[in-house]
Amino acid sequence: MKIVVAGTGYVGLVTGVCLSEVGHSVTCVDVDENKIKTLNEGKSPIFEPDLEELMKKNKEKLTFTLDSKKAYEEADVIFVGVGTPEKKDGSANLKYVYEVAKEIAENVKKDVIVVIKSTVPIGTNKKIEKYLNSNLKNKVRIEVVSNPEFLSQGTAVRDTLHAQRIVIGVNSKFAEKVMKEVYDGLGQPYVITDRESAEMIKYASNDFLALKISYMNEIANLCEIVGANIQDVAKGMGMDTRIGNKFLNAGIGYGGSCFPKDTKALSWLANFNDYELKTIKAAIEVNSNQKLKLIKKARKYYDDFEGLNIAVLGLTFKPNTDDLREAPSLYNIPILLDEGANIKAYDPVGEKNFKKIYPKEIIYCNNVEETLKNADICFIFTEWDEIKNIELGRYNELMKTPIVLDGRNCYDLNEVKKVKMVYESIGRKTINNINK
Ligand code: UDX
């Protein structure tokens, strides 16, 4: 079976590499020359643990090419893993999916299954199939299958090789059989359904997780007011298996390439169909307020940020990724810079991408300690191990005024209590030992 994957971003590349790991020959195509060059040098263009190792291990089974024409001509199965970014009105932009579809229609020469991995609005798979059939250059049988992915950045390889479920939305027994040939090597449970339900499973899963986070963030905000501790609350809730103990961490809001985009896209789709998804709308609103929570806290200590030395720890939307999409840092840093703050920042891998946006406005440091030196206040935006593992006494020793605003609840309050510092986190009591 000849498998082609269109798009070498997070979804496409991880899918292609993992399918080679289960024994398939996979051709990954992209329009980006630089990416293909990097991949052909054995390097991954994205930071993703285990990916490069698997690329090396399976290099005989993997081809990276710009020549999509040839790849589509020979393909039995074509996975589409290109981006569906957010449009200004919140809907999903299907431009790249249709660009790939056009090329597929023009080039396929034998019967082929087209598998849509990209997150697309409900009804899109059917529309793509119609589009393909009306634009085919050669007389072949072509079918579209919905196969959403559930991989998280930072654990994408593990999430794919040990998926909790493989969702397949098909319109024929033949397509189901082909998909099982592709995936049987993984030995994971299947959910076989129609294409609309498969498309909805993806959105409903992501939006439910986003909702869970926004719910916990609201409870955390109330905990701060009434004097409860969100981590104990989450522990107590999570032991109920009906609730589950995952995705209960309060913080400064969810970011990344999926939750913000997918909540808005589903909400848009509902509106478009004259239905209001009230819960999702609330999750979006809570999240946008939550992202600025630390700025509000900071104003208790300083009226404005003019001339202040501010230490920023963590720039990426979560640890173990270099991705900045919808990261809280991108919402907070412009405000701090606008008010004239001097910012020093540290992120173990996000610096390179952040520099593309702020090449000169920020001083980038090599470690936590360098960042903290002489700071008036510190913001923690990402819970990297390097930040969680710092000895707490260093805040007091290195900062001019040890005020630490932790958006990710990195430290145990009992440990913080032993140190002279002001420490505010999310949904927990403020510790102020500075004058003791
Ligand atoms: C997510 C989904 O988990 C994945 O299944 C889907 O395919 C793509 O979107 P990802 O965006 O990589 O994956 O990261 P995830 O680990 O889910 O975190 C998303 C955001 O939620 C991050 O900003 C994270 O900090 C935040 N989060 C997560 C919380 O604030 N609290 C939590 O308890 C969990």
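The questions below concern aromatic rings, charges over rings, a surface patch and a sheet.

Me: How many aromatic pairs does a search of the whole structure find?

Reply: The model is a predicted one. A pair of aromatic rings is described by the distance of the centres and the angle of the planes. When the whole structure is searched, the number of aromatic pairs found is 9.

Me: What kind of aromatic pair do Y254 and F259 form?

Reply: The ring centres of Y254 and F259 are 5.9 Å apart, and their planes make an angle of 85°. An angle over 60 degrees counts as edge-to-face. The pair of Y254 and F259 is therefore edge-to-face.

Me: Is F259 buried or exposed?

Reply: A residue is buried if its relative accessible area is under 20%. Y254 has a value of 5% and is therefore buried. F259 has 13% relative accessibility, so F259 also counts as buried.

Me: Which residues do ring pairs link into a cluster with Y254?

Reply: Y254 and F259 form an aromatic pair. Ring pairs link Y254 into a cluster with two residues, F247 and F259.

Me: How many residues apart are Y411 and Y423?

Reply: Y411 and Y423 form a tilted pair, with 6.0 Å between the centres and 55° between the planes. Y411 belongs to the loop between β13 (403-406) and α19 (413-416), whereas Y423 is in strand β14 (residues 422-424). Both tyrosines, Y411 and Y423, are buried. The pair links distant parts of the chain, and the separation is 12 residues.

Me: Over the ring of which residue does the charged end of K180 sit?

Reply: Charges over rings include R165, which lies over the face of F150 at 3.6 Å from the ring centre. For K180, the charged end is 5.6 Å from the centre of the ring, and that ring belongs to Y190.

Me: What is the area of the nonpolar surface patch made by L222, I225 and V226?

Reply: I225 is in helix α9 (residues 195-226). With 68% relative accessibility, I225 counts as exposed because the value is over 50%. Together, L222, I225 and V226 make a nonpolar patch of about 340 Å².

Me: Which strands stand at the edges of the sheet?

Reply: The open sheet has 7 strands in the order β11-β10-β9-β12-β13-β14-β15, with mixed pairing. Within this sheet, β9 (residues 309-313) and β12 (residues 377-380) run parallel and are joined by 4 bridges, and V312 stands opposite F379 in β12. An edge strand has a single partner, so one of its sides is left without a neighbour in the sheet; the edge strands are β11 (362-364) and β15 (431-432).

Methods:
Residues numbered from 1 in each chain as written. Predicted model: local features only at pLDDT ≥ 70, side-chain atom pairs only at ≥ 80, totals over all residues. Heavy atoms only, no water. Phe/Tyr/Trp six-rings, centres within 6.5 Å; stacked < 30°, edge-to-face > 60°. Buried < 20%, exposed > 50% of the residue type's maximum accessible area, 1.4 Å probe, protein only. Helix = DSSP H or I, 4+ residues; strand = E, 2+ residues; numbered from the N terminus. Lys NZ or Arg CZ within 6 Å of the ring centre and 35° of its normal. Patch = residues over 30% accessible without salt bridge, like charges linked within 9 Å, V, L, I, M, F, W, Y side chains within 5 Å. Areas by Shrake-Rupley, 256 points an atom, 1.4 Å probe, with all protein chains shown as cover. Salt bridge = Lys/Arg side-chain N within 4 Å of Asp/Glu carboxyl O. Pairing = 2+ DSSP bridges.
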